[in-house]
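Here is my note for your reading of this model. Please keep the structure open beside it and check each point as you go.

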Amino acid sequence: MKADQIIKNAKIFTSNADSLQATAFVVNDGKFVYVGDESGLADYEGEVTDLGGRFVMPGIIDSHVHVTMSVGFEYTEMGERIECEGKEAVLAFIADHIKENPGQERYRFILERAYLKGEEIVKEDLDAICPDSEILIMEGENHSIWVNSKLLAKHGVTDETPDVVTGLSYFVRKDGHVTGNIFESLQMRFLFDHLKDTLTDEMIEDAVTRWIEFSKETGVCAVFDSGFPEQYELHERVYACLCKMDRQGKLPIYIDGCYCVTDPKRLDDFAVELRRFNREYNTEHLKVHTLKLFMDGTLKIETAALVTPYADTGATGVTAQSVDQLVKILRILNEEGMDLHLHTVGEQASRSVLDAVEIVKKELGDSYRVKVTCAHLEIQDDADLGRFAELGVFANYSPWWHCGNMVGNPFETWRVLIGDERAAKMYRCKTIWDTGAIVTWSSDEVFYGYFTEWNPYLGMEVGMTRQITEKTRQEDYHRTVVANPPLSERMSIEEMILGYTINGAKQLGIEASKGSIEVGKDADFLVFDKDLLTAEKEGFSYNFPEEVYFSGKKMEAAE
């Protein structure tokens, strides 16, 4: 039989559980037609490539990214980073910057909330500095902002303006008056308001092309796009651009898209919209069959929903959806043949999802078919650890977070927020993996930038080490070099590769065509000069592939 590619003398990690190792394979018409040892190559004719023992693995699947939101940030000025201690110093920094750069329509800054030392900025503070221009400060984790009265007025926000979800996505109020501090998805309306009139189709394609080139370089052959909160029009514009690019042969990366809902009122007709997305954004490399929901927020700003209260405030946070509401959603998704992907940081958020799945699975029995994924899973209650496997719920982690994902000593920060015991038991991916659950990995990045955190090999490194070291490939971060407990949750390289390949394919529902080097599947494979199975863990983030093939075609750098 004639073949397009015959590979021999390779160390191949197939991600196929029935046969994890191979030394040779054959590709024809973009598919693997043989995988095994070199004795089976006698049946094939074609050019033979001897890889000299080099390491080969399947194409990588990033199971939770933000392709569309990152386009928004590509053309949004984030402004000056503030690193002053205390409210007075922060406001002085802002005032000095504006004096040095007078007359601008808008001023933007980035600030870690911890620098305020428990104090709070209100709109009157910013108005006193500059009432005639827009001022917006983005909190470092990108889940809350501070704005002045100028921006509130621009968006028609008054004391009577309703929250999206009280206690989760809301306007902070004092004595009934909005303060200018805005939490969670509501902030997106302010961050990207300028793009409606300035973002062109050409700009969208330019941004997406940068991401495609990075994906080709690193060997990411497929992703789950997790949406663009509160920016429904921009989200669709990016999907329309991706469809056009795909028809033009410019999109070699498979994108599993979503219909993203942050406002519960939009759930009244979500099935109609999800069907429309499924129909309209449907090309070879872009499919949409998933509803994306935000169940809670983040631990750092205490919007994550917990079972046991926060140690410092005694609050528990709230979930965007109740168990009963999730049950109704799952029933509809099951009828539609669609899937569900949820932002679940806190233990109560994922518990609510697991409870709803358990109810609907008992109700529907063998007719249940919804793929449900809980993403992030920063903290889990002991009672829920085995339920992912029992209920068939995917557990998605962003492993580069497992070093703490913040400036300073993350463990000390978590201890203040959730107490010593829970702070020592965060990101329990290994425990959940060992229960038999399907664990997947992701970058969950919202900025293209230098693509630092999009790097799957950074994810692999921190997944194995749970720390950033001097050897780690980073750009401009000042993280303390400290291992984040529990160290028993460190993963092996084999587990990292499986989570980034076949497990990701199962989450996206594309395991019949991607995720492993296996006969009949797309010939997505990566060739390395180092054996990743024995490579040093510290500094693993530098291990980019020498060659990348998607569907048997070698990916070349853009000219």
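Is Ile12 buried or exposed? Ile12 counts as buried, because its relative accessibility is 0%. Here buried means under 20% relative accessible area, exposed means over 50%, and partly exposed lies in between, with a 1.4 Å probe and protein chains only.

Before the points, some ground rules. This is a predicted model, where local features need pLDDT of at least 70, side-chain atom pairs count only at pLDDT 80 or more, and totals for chains, interfaces and linings use all residues. Residues are numbered from 1 along each chain as its sequence is written, and side-chain values use heavy atoms, with hydrogens and water left out.

1. **Ile12 and its surroundings.** Ile12 sits in strand β2. Strands (E, at least two residues) and helices (H or I, at least four) are DSSP runs, numbered from the N terminus. Ile12 touches Leu20, Gln21, Ala22, Thr23, Ala24, Phe25, Val56 and Ile517, leaving out residues up to four places away in sequence. Contact means heavy atoms within 4.5 Å. Thr23 is eleven residues from Ile12 along the chain, and their C-alpha atoms are separated by 5.7 Å.

2. **The sheet around β2.** Strand β2 (residues 11–13) pairs with strand β7 (residues 55–58) in the parallel sense, over two bridges. Two strands pair if DSSP finds at least two bridges between them. The bridge partner of Ile12 in β7 is Val56. Six strands make an open sheet with mixed pairing, in the order β3-β2-β7-β22-β23-β24. Its edge strands are β3 (21–22) and β24 (553–554), each pairing on one side only.

3. **Strand β4.** Five of the five residues of β4 are buried, so this strand is largely enclosed by the rest of the structure. In a regular strand the side chains alternate between the two faces of the sheet. Both faces of β4 are covered: Ala24, Val26 and Asn28 are buried on one side, and Phe25 and Val27 on the other.

4. **Partners of β4.** Strand β1 (residues 5–8) pairs with β4 in the antiparallel sense, over three bridges. There, Ile6 stands opposite Val26. Strand β5 (residues 31–36) also pairs with β4 in the antiparallel sense, over five bridges. In β5, Tyr34 stands opposite Val26. The hairpin of β4 and β5 has two residues between the strands, and Asp29 takes a positive phi near 50° there.

5. **Aromatic pairs.** How many aromatic pairs does a search of the whole structure find? The search finds 22. One of them joins Phe25 and Phe525, edge-to-face, at 4.8 Å centre to centre and 70° between the planes. Phe25 lies in strand β4 (residues 24–28) and Phe525 in strand β22 (residues 525–528), so the pair ties together parts that are 500 residues apart in sequence. Rings of Phe, Tyr and Trp (its six-membered ring) pair if their centres lie within 6.5 Å; planes under 30 degrees apart are stacked, over 60 edge-to-face, and the rest tilted. Both Phe25 and Phe525 are buried. Phe25, Phe32, Phe525 and Tyr549 form one aromatic cluster.

6. His97 is in helix α2 (residues 87–100). His97 counts as buried because its relative accessibility is 16%. Beyond its neighbours within four places in sequence, His97 is in contact with Glu80, Tyr107 and Phe109. Asn278 is in helix α9 (residues 270–280). Asn278 is partly exposed, at 30% relative accessible area. Asn278 touches Val288, His289 and Met338, not counting residues up to four places away in sequence.

7. **The largest cavity.** A cavity is a set of points on a 1 Å grid over the protein atoms alone where a 1.4 Å probe fits but cannot get out; lining residues have an atom within 4 Å of a point. The largest cavity holds about 60 Å³ of space. Grid points are joined across faces, edges and corners, and a volume is the space filled by probe spheres set on the points. The lining includes Phe224, Asp256, His289 and Lys371. β18 gives the largest share of this lining, three residues.

Notes. On a 1 Å grid over the protein atoms alone, a cavity is a set of points where a 1.4 Å probe fits but cannot get out, and a pocket is an open set with protein on both sides within 12 Å along at least five of seven lines; lining residues have an atom within 4 Å of a point.
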